[in-house]
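Student: Hey, I've got a protein model open and I'd like to look around it. Can you help me out?
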Amino acid sequence: MNQYLDKWVGKELTEELEQGIINAPQDLLGRHVYEYEKPAVQIFVAYRPCAQDIWLLDEKGAIVGQMEPMELEGMFGYAIDEKEEWLKKYSYRIKYSDNDIIEIQDPYAFGKTITDFDCYIFGEGKNYEIYEKLGAHRETVDGVEGTRFAVWAPMARSVSVIGEFNMWDGRLHKMMLHGNSGIFELFVPGAWEGAAYKYEIIARDGEKIYKTDPYGNYAQLRPDNASRITSLKGYEWQDEDYMKMRSKETQEFRERKPMSIYEVHLASWKKRIEEDDNGNFSYRELAGMLGDYVVEMGYTHIELMGIAEYPFDGSWGYQVGCYYAPTSRYGEPKDFMYFVDEMHRRGIQVILDWVPAHFPKDAHCLGNFDGQALYEHPDRRRGEHPDWGTYIFDYGRKEVKNFLVANALFWVKKFHIDGLRVDAVASMLYLDYGKQDGQWLPNKDGGNEHYEAVEFLQALNTIMKQEHPGAYIIAEESTAWPKVTGPVKYGGLGFSYKWNMGWMNDFLEYMKLDPYFKQFHQGQLTFSTDYYLSEKYILVLSHDEVVHGKCSLLNKMPGLEGDKYAALRAAYGWFYGHPGKKLLFMGQEFAQKREWAEYRSLDWFLLEDERHKKMQDYVKEWNHLYQKYDSLYYNDYDVMGFEWMDCNRPETSTISFVRRGKSAKNQLMFVINFTPVAHENYTVKAPCKGKFKEILNSDDEKFGGQGRLNKKVIIAQKAIGKDKKGLEKSGYELELYVPPLSVVVLKYDYQG
């Protein structure tokens, strides 16, 4: 062996390389200057197991010399002393057999680009663009194309990147550790766009673990589970004007605007072939089809279930495997960019369901990432959901908090997402959520509040408002936790909106009752108006209510077939009339009969039945009225926006109320009848004197009713006589016809 090679190559590093546990391969492999003797010597060391010969090439590809085999099989070295012309750029020609000769660039000829400062602020949990550093990023360095990989695995003994570009051989691309940060990095020349890859991690106990990239932007289609190299650069967005307009929106501005959300599961909204779970349309196809439908129906927003890559279809996307990758079920990441772009072109905002509450235990995902609990809390009482079979994030670990906050910002910045709906917030807030005694660990004060999760959510909402004030975050929170939408500075969680789960549960339980028993449950109908101003609510009729034996909304309604449709129309009247923004799950707009299932298309064939087509027309009418009349949205979170006219007739199961907008004109009055009994001369308190014009009646024949309308303008008359308590009446009254199971909407201009 060359004397310089023999002196320079360290035995300890060579043994680590042989054992596969080296975490500083750049100290052994690559180009080095040996200066301990004069003259100085340039040392080149390559490691290619199974190679017969390796030649060192200069930057023009000419052979400098044949490298010398070293003691470790597969390791070759070459020395150039100062007397010769030194190489600044070089490559290797490798012979595995007479018919297998390749030329490669040495990955260890390229230095690290992640800085100590990057590592420091990541360790502090404040590197909010860490996704620009970690993950796989296509680069050209000194004219050499390749991919730079970086991953956080602080307890790993060593990490290799393996993939289609290196025959999945963990010996070939050992990654370089950044000090004590736990971040490993390596530039791999020639690693091409679309190539599949994983990280091979050697744990402290010697176990080999194979993981997909936590920061990867593209993944193989299930059941395969590797990451794929891709670049998010190069897509030419067409929504510049839209984004400028959005950036100027404030929370106060949004609260005064209409928000009618169409909740969608892309795979089952519509398929190429009904009942075929592999017949998914692509992002680009769905952009046009779904975009046009949403506009036609009068929705203002769509909310997408399950876009971040997930391994199991049956989880609907709520058990995420790759938080930084849109699912490959419908195409590539730039195809999803196109989808969002097309929605924005139509003026439709896009909300994503986002799941920072838990993640699956699939071996290739985040769990025990480097051989030990890393993203999840190490104590099972804090780190697992026993009922869900998933891991819980360790919100107190700064790097994990950074991972999640940066991920929320990533979707808004890179994919122009308008809002995030945070799933299962209640499970994050309570340490004992879904757990029995002995399965959970109290906080430092002995309570069940998850302090670290609270701090994470407050930080998330604060940072989003600072970085992207035009975006918003919605909480799916099912308990009475106070100030979910309250400002962080006053102890709130800082969310923009909260799903009104209480209204949904109470109202649907009320609607399922036999009409006779409704009179005993009037409180379930009206209770929500006691607290509707306590949070910034979104009223939801979501996917969770039409699965797992709960029936479709249509089949929740009691009675004969005709009564079911009429009752659903009345229910939608309360939905659109009640204060709060709106969300309706797909299929319910045309009265889907079957429960929803993720593996099949919605039952679009039902639209051949006029009852379903007219229900679709009815919801369309509501959406257009909702946008037309600001009384339905402008004062959602103001006491002026809603007033009961009458909610004290439980024996008839009727209610009446008014909604007010920003002016005295075009205010609306609702009268809703939840029983199959008509009221021919229904007298009800009026908000003022004047003329009241019927603008919607759910019994209209065009909506599937029998056409029992109030065709003439109704005049509010001064009340005369006495009420039930024998007191003289005051104010004004209306008299109108209220059909069975109906909603009647009257327009009026307020007169004092």
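Student: Which residues lie nearest the centre of the second largest pocket?
Tutor: Trp 388, Asp 423, Ala 424, Glu 476 and Asp 544, out of 21 lining residues. This is a predicted model, where local features need pLDDT of at least 70, side-chain atom pairs count only at pLDDT 80 or more, and totals for chains, interfaces and linings use all residues. Residues are numbered from 1 along each chain as its sequence is written, and side-chain values use heavy atoms, with hydrogens and water left out.

Student: What's a pocket, then?
Tutor: On a 1 Å grid over the protein atoms alone, a pocket is an open set of points where a 1.4 Å probe fits, with protein on both sides within 12 Å along at least five of seven lines; lining residues have an atom within 4 Å of a point.

Student: OK, and which residues are closest to the centre of the largest pocket?
Tutor: Asp 646, Arg 649, Asp 723, Lys 729 and Glu 733, from a lining of 18.

Student: Which strand gives the largest share of that lining?
Tutor: β30, with 5 residues. Strands here are DSSP runs (E, at least two residues), numbered from the N terminus.

Student: Switching topic: what's the strand order in the open sheet of 4 strands?
Tutor: β9-β10-β13-β12, with antiparallel pairing. Two strands pair if DSSP finds at least two bridges between them.

Student: Which strands stand at the edges?
Tutor: β9 (135–141) and β12 (176–177); each has a single partner strand, so one side of each is left without a neighbour in the sheet.

Student: What joins β12 to β13?
Tutor: There are 2 bridges between them, and Leu 177 stands opposite Phe 184 in β13.
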